[in-house]
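Thanks for coming. I will go through one model this morning, and I will keep to what can be computed from its atoms.

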Amino acid sequence: QVQVVESGGGLVQAGGSLRLSCAASGSSFSINSIGWYRQAPGKQRELVANYSSGGSTNYLDQVKGRFTISRDNGKNTVYLQMNSLKTEDTAVYYCRFHVYYRISIPQIYWGQGTQVTVSS
(Lines give C-alpha, C1' and ligand atoms only; values in the text may rest on other atoms or scores of the structure.)
Protein backbone atom coordinates (compact mmCIF):
# COMPACT_ATOMS: atom_id res chain seq x y z
CA GLN A 1 0.00 0.00 0.00
CA VAL A 2 0.90 3.65 -0.33
CA GLN A 3 0.82 6.39 2.28
CA VAL A 4 0.49 10.02 1.29
CA VAL A 5 1.34 12.85 3.65
CA GLU A 6 0.92 16.55 2.98
CA SER A 7 2.65 19.44 4.68
CA GLY A 8 2.68 23.18 4.36
CA GLY A 9 -0.26 25.51 4.18
CA GLY A 10 -1.35 28.03 6.77
CA LEU A 11 -2.39 31.65 7.01
CA VAL A 12 -0.82 34.29 4.79
CA GLN A 13 -1.65 37.82 3.71
CA ALA A 14 -2.68 38.56 0.17
CA GLY A 15 0.38 38.86 -2.03
CA GLY A 16 2.33 36.40 0.06
CA SER A 17 3.68 32.96 -0.73
CA LEU A 18 3.34 29.43 0.55
CA ARG A 19 4.75 26.08 -0.47
CA LEU A 20 2.92 22.80 -0.13
CA SER A 21 4.61 19.43 -0.13
CA CYS A 22 3.20 15.96 -0.53
CA ALA A 23 5.14 12.73 -0.25
CA ALA A 24 4.13 9.20 -1.14
CA SER A 25 5.76 6.26 0.55
CA GLY A 26 5.39 2.52 0.43
CA SER A 27 6.56 -0.25 -1.80
CA SER A 28 5.81 -1.84 -5.13
CA PHE A 29 4.35 1.21 -6.80
CA SER A 30 5.14 3.58 -9.62
CA ILE A 31 3.65 7.00 -10.15
CA ASN A 32 1.49 7.65 -13.18
CA SER A 33 0.33 11.17 -12.50
CA ILE A 34 0.36 13.65 -9.61
CA GLY A 35 -1.81 16.63 -8.97
CA TRP A 36 -2.94 19.31 -6.58
CA TYR A 37 -6.62 20.04 -6.07
CA ARG A 38 -8.45 22.48 -3.88
CA GLN A 39 -11.89 22.81 -2.42
CA ALA A 40 -13.31 26.05 -1.09
CA PRO A 41 -16.38 26.09 1.19
CA GLY A 42 -19.54 25.45 -0.77
CA LYS A 43 -17.64 24.69 -3.96
CA GLN A 44 -16.61 21.57 -5.81
CA ARG A 45 -13.08 20.28 -5.68
CA GLU A 46 -11.09 21.56 -8.63
CA LEU A 47 -7.79 20.71 -10.23
CA VAL A 48 -5.16 23.35 -9.54
CA ALA A 49 -2.10 21.86 -11.20
CA ASN A 50 -0.85 18.47 -12.22
CA TYR A 51 1.72 16.39 -14.02
CA SER A 52 0.03 14.23 -16.60
CA SER A 53 1.10 10.66 -17.24
CA GLY A 54 3.21 11.99 -20.09
CA GLY A 55 5.01 14.42 -17.80
CA SER A 56 3.43 17.64 -19.04
CA THR A 57 2.09 20.18 -16.58
CA ASN A 58 -1.37 21.71 -16.51
CA TYR A 59 -2.67 24.62 -14.51
CA LEU A 60 -6.02 26.09 -13.61
CA ASP A 61 -6.32 29.34 -15.54
CA GLN A 62 -6.75 31.36 -12.34
CA VAL A 63 -3.34 30.28 -11.01
CA LYS A 64 -1.24 30.41 -14.16
CA GLY A 65 1.83 32.55 -13.65
CA ARG A 66 1.44 32.45 -9.87
CA PHE A 67 1.60 28.76 -8.92
CA THR A 68 4.28 26.26 -9.90
CA ILE A 69 4.11 22.51 -9.53
CA SER A 70 7.36 20.59 -9.24
CA ARG A 71 8.44 17.12 -8.24
CA ASP A 72 11.34 15.16 -6.80
CA ASN A 73 11.11 11.71 -8.32
CA GLY A 74 13.72 10.27 -6.00
CA LYS A 75 11.61 11.22 -3.01
CA ASN A 76 8.20 10.58 -4.61
CA THR A 77 7.34 14.10 -3.59
CA VAL A 78 5.36 16.82 -5.31
CA TYR A 79 5.42 20.50 -4.43
CA LEU A 80 3.16 23.44 -5.10
CA GLN A 81 4.79 26.84 -4.87
CA MET A 82 2.11 29.48 -4.54
CA ASN A 83 3.08 33.12 -5.07
CA SER A 84 1.06 36.31 -5.23
CA LEU A 85 -1.70 34.66 -3.27
CA LYS A 86 -5.19 36.08 -3.44
CA THR A 87 -8.10 35.78 -1.05
CA GLU A 88 -9.88 33.62 -3.61
CA ASP A 89 -7.11 31.04 -3.27
CA THR A 90 -8.40 30.24 0.21
CA ALA A 91 -9.32 26.55 0.28
CA VAL A 92 -8.31 23.14 1.51
CA TYR A 93 -5.61 21.83 -0.80
CA TYR A 94 -5.25 18.13 -1.55
CA CYS A 95 -2.59 16.22 -3.39
CA ARG A 96 -3.53 13.23 -5.48
CA PHE A 97 -1.32 10.40 -6.62
CA HIS A 98 -2.37 8.06 -9.37
CA VAL A 99 -0.08 5.06 -9.08
CA TYR A 100 0.34 1.58 -10.44
CA TYR A 101 0.65 -0.89 -7.61
CA ARG A 102 2.62 -4.03 -8.39
CA ILE A 103 3.04 -2.84 -11.97
CA SER A 104 -0.53 -3.15 -13.20
CA ILE A 105 -3.03 -2.28 -10.46
CA PRO A 106 -4.14 1.36 -10.78
CA GLN A 107 -4.84 3.12 -7.51
CA ILE A 108 -5.66 6.65 -6.41
CA TYR A 109 -4.39 8.11 -3.16
CA TRP A 110 -5.30 11.48 -1.70
CA GLY A 111 -3.45 13.51 0.86
CA GLN A 112 -5.20 14.45 4.08
CA GLY A 113 -5.72 18.03 2.94
CA THR A 114 -4.13 21.20 4.21
CA GLN A 115 -5.84 24.51 4.83
CA VAL A 116 -4.60 27.59 2.98
CA THR A 117 -6.12 30.85 4.16
CA VAL A 118 -5.30 34.14 2.46
CA SER A 119 -6.31 37.26 4.34
CA SER A 120 -6.88 40.67 2.79
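**Strands, a disulfide and a pocket**

Strands β7 and β8 pair in the antiparallel sense, over 6 bridges. Strands here are DSSP runs of E, at least two residues long, numbered from the N terminus, and two strands pair if DSSP finds at least two bridges between them.

Before going on, the ground rules. This is a predicted model, so to speak of a local feature I need pLDDT of at least 70, and side-chain atom pairs count only at pLDDT 80 or more, while totals for chains, interfaces and linings use all residues. Residues are numbered from 1 along each chain as its sequence is written, and side-chain values use heavy atoms, with hydrogens and water left out.

Back to β7 and β8. Phe67 has Met82 in β8 as its bridge partner. The hairpin has 4 residues between the strands, and Asn76 sits in that loop. Phi of Asn76 is near 50 degrees, which is positive in a residue other than glycine. Asn76 is partly exposed, at 24% relative accessibility. On that scale, buried means under 20% relative accessible area, exposed means over 50%, and partly exposed is in between, with a 1.4 Å probe and protein chains only.

Ser84, in the loop between β8 and β9, also has a phi near 50 degrees, again a positive value in a residue other than glycine. Ser84 is partly exposed too, at 42%.

Now the sheet. β7 and β8 belong to an open sheet of 4 strands in the order β1-β3-β8-β7, with antiparallel pairing. Its edge strands are β1, residues 2-7, and β7, residues 67-72, each pairing on one side only. Neighbouring strands are turned by 15 degrees against each other on average, direction ignored; the axes are lines fitted to C-alpha atoms, and angles run from 0 to 180 degrees between N-to-C directions. Inside the sheet, β3 and β8 (residues 77-82) are paired antiparallel over 6 bridges, with Cys22 opposite Val78 in β8.

What does Cys22 join to? A disulfide links Cys22 to Cys95, S to S 1.8 Å, where a disulfide is a pair of cysteine sulfur atoms within 2.5 Å. Cys22 lies in β3 (residues 18-26) and Cys95 in β9 (residues 91-101), so the bond ties together parts that are 73 residues apart in sequence. Cys22 is buried, at 0% relative accessible area, and Cys95 is buried at 0% as well. By this rule the count is 1 disulfide.

β9 pairs with β10 (residues 105-110) in the antiparallel sense over 6 bridges, and Arg96 has Trp110 in β10 as its bridge partner. There are 3 residues between the strands of this hairpin, and Arg102 takes a positive phi near 50 degrees. Ser104 lies in the loop between β9 and β10 and is exposed, at 54%. Ser104 is 84 residues from Leu20 in sequence and 29 Å from Leu20 in space, C-alpha to C-alpha.

Last, the lining of the largest pocket. It has 13 residues, of which Arg38, Lys43, Glu46, Gln62 and Glu88 lie nearest the centre. A pocket is an open set of points on a 1 Å grid over the protein atoms alone, where a 1.4 Å probe fits, with protein on both sides within 12 Å along at least five of seven lines; lining residues have an atom within 4 Å of a point.
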